[in-house]
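Trainee: I have a structure to read and would like to go through it feature by feature. Please give me the general idea each time, then the case here.

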Amino acid sequence: MPADDRPLHPATVAVTAGRGPAEPGAPLTPPVVLATTFRPGGPALYGREHNPTWSALEDALGALEGGTATVFASGMGAITAVLDTLPPGARVVAASDLYTLTGAHLDALAAAGRVVVTRVDVTDTGAVVGACHGADLLWLESPTNPLLQVCDLPAVIAGAAAAGARVVVDNTFATPLLQRPLELGADVVVHSATKYIAGHSDVLLGVAVARDPDLVAALRERRTRLGAVPGPLEAFLALRGLRTLPVRLERASATAAELAQRLAAHPRVEVVRYPGLPGDPGHARAAAQMDGFGAMLSFDVVGGARAADAVCEAVRVAVHTTSLGGVETTLERRAANPGQEHLPPGLVRLSVGCEHVEDLWRDLDGALRRSAEVAASA
Ligand SMILES: *Cc1c(COP(=O)(O)O)cnc(C)c1O
């Protein structure tokens with residue numbers, strides 16, 4: 001912290017937080033502590049309860065989101081731990097457009113009679129707040145995956161809180177650099193740190209961040225009891241990835257904005273969903289509540305599923321595969337995934353990485369032209 005105590009910018013916090021004590025001879029990066037057993041007198045004795053490499057990453061992520069972070073073995077490890085804190089019969093309101101497995105887990109809990117789930121369109125503020133009356137929990141994503149819908153987070157969080165529902169925001173797409181829901185009154189933020197935070201498609205890790213000490217204790221108790229603990233090397237790699245998140249995201253977001261504009265003008269594209277486009281339905285909300293529009297977008301290819309498959313198969317710089325948030329650009333036709341058949345058949349989700357914008361454009365433009373030939377030969 002500099003001499004005056006004005007808060008640091010998130011981009012600086014991402015580089016400086018979680019360094020450990022500034023003692024003579026101390027390592028600047030935290031060591032990877034592989035020990036499973038610790039001598040008495042410290043925070044804990046056993047490696048399922050505590051690990052110093054986790055703590056360094058938790059300090060950094062907690063500082064960024066403005067709460068206390070608990071790291072898990074994966075995003076789903078964090079998500080299931082949060083949902084495990086619900087009492088039997090709890091009423092959950094969840095976004096209709098949601099990460100596939102979050103939705104599947106809610107469905108499984110509902111089928112087992114553990115919870116009652118209502119799905120809502122997060123862009124409809126009145127409907128979301130109305131559904132929160134008598135609910136225990138509201139589960140949000142914004143922007144959503146893969147429709148990039150933007151929820152009015154300040155209004156919805158305030159309405160849910162007034163109705164007595166706890167609010168969880170999956171902040172994976174925005175990252176804490178662009179959006180900090182705890183500052184808006186959300187109770188828990190979860191991330192798949194597998195995506196932007198670690199950022200190199202080589203680490204599975206999740207995190208849940210909360211302010212209420214009882215809630216933090218409940219999450220840590222679940223981690224210890226249910227056992228979804230991250231490996232120390234994964235925690236080290238996620239912290240290493242976090243250090244460059246500001247520059248990765250800045251580059252990827254600028255490229256995404258440029259590609260979104262060009263795709264929107266492309267004759268082979270029906271619609272582009274990207275909150276950074278001035279004509280996007282979520283643009284004004286995103287501009288008001290986010291510090292940038294991020295690097296995720298989706299677009300519908302003229303010609304539907306067949307043409308969109310042809311685009312995915314024709315790219316050579318971008319990679320046709322699942323997942324997102326890595327340095328490499330990836331894309332996939334989401335409706336091809338089991339459980340995602342309700343999505344527009346020609347919707348391609350694009351996670352923009354750090355390659356040169358002109359190489360990506362040549363790749364996408366060429367693949368879209370190729371899809372026209374496929375459609376013509378059909
Ligand atoms: C990938 C993802 C998850 C699940 O995280 P894992 O690390 O794969 O377990 C949850 N939410 C969103 C938005 C995701 O993209």
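Trainee: Where does Pro146 lie?

Mentor: Helices and strands are DSSP runs, numbered from the N terminus; a helix is H or I with at least four residues, a strand is E with at least two. Pro146 lies in the loop between β4 and α6. The peptide bond that leads from Asn145 to Pro146 is cis, with omega near 5°. Pro143 is also placed in the loop between β4 (137-141) and α6. Ser142 and Pro143 are joined by a cis peptide bond, with omega about -10°.

Trainee: What should I know about the origin of the model?

Mentor: This is a predicted model, in which local features need pLDDT of at least 70 and side-chain atom pairs count only at pLDDT 80 or more, while totals for chains, interfaces and linings use all residues. Residues are numbered from 1 along each chain as its sequence is written, and side-chain values use heavy atoms, with hydrogens and water left out.

Trainee: Which phi does Thr175 have, and is Thr175 buried or exposed?

Mentor: Buried means under 20% relative accessible area, exposed over 50%, and partly exposed in between (1.4 Å probe, protein chains only). Thr175 is not a glycine, yet its phi is positive, about 70°. Thr175 is found in helix α7 and is buried, because its relative accessible area is 1%.

Trainee: What is the case for Ser201?

Mentor: Ser201 has a positive phi of about 55° and is not a glycine either. Ser201 lies in the loop between β6 (188-192) and β7 (206-210). Its relative accessibility is 53%, so Ser201 counts as exposed.

Trainee: What is Thr102 in contact with?

Mentor: Contact means heavy atoms within 4.5 Å. With neighbours within four places in sequence left aside, Thr102 is in contact with Met76, Ile79 and Trp139. Thr102 belongs to helix α4 (residues 100-111) and has a relative accessible area of 0%, so it is buried.

Trainee: How do I read the buried residues of a helix?

Mentor: An α-helix has 3.6 residues a turn, so residues three or four places apart point the same way. In helix α12 (residues 304-314), the buried residues include Gly304, Ala307, Ala308, Ala310, Val311 and Cys312. Among the elements that cover the buried residues of α12 are β9 (296-301), β10 (319-320), β11 (330-333), β12 (347-351) and α13 (357-377).

Trainee: Which domains does the chain have?

Mentor: Domain bounds come from an automatic or database domain assignment. Here the assignment gives domain 1 (10-243) and domain 2 (247-377). The contact between them takes 32 residues from domain 1 and 31 residues from domain 2. Taken over C-alpha atoms, the centres of domain 1 and domain 2 are 27 Å apart.

Trainee: How many salt bridges are counted between domain 1 and domain 2?

Mentor: A salt bridge is a side-chain nitrogen of Lys or Arg within 4 Å of a carboxyl oxygen of Asp or Glu. The count between domain 1 and domain 2 is 1 salt bridge. Asp291 forms a salt bridge with Arg180, with the closest N and O atoms 3.0 Å apart. On the side of domain 1 that touches domain 2, α6 (153-162), α7 (175-178) and α9 (232-243) each supply at least two residues. Of the residues on that side, α7 gives the most, with 3 residues.
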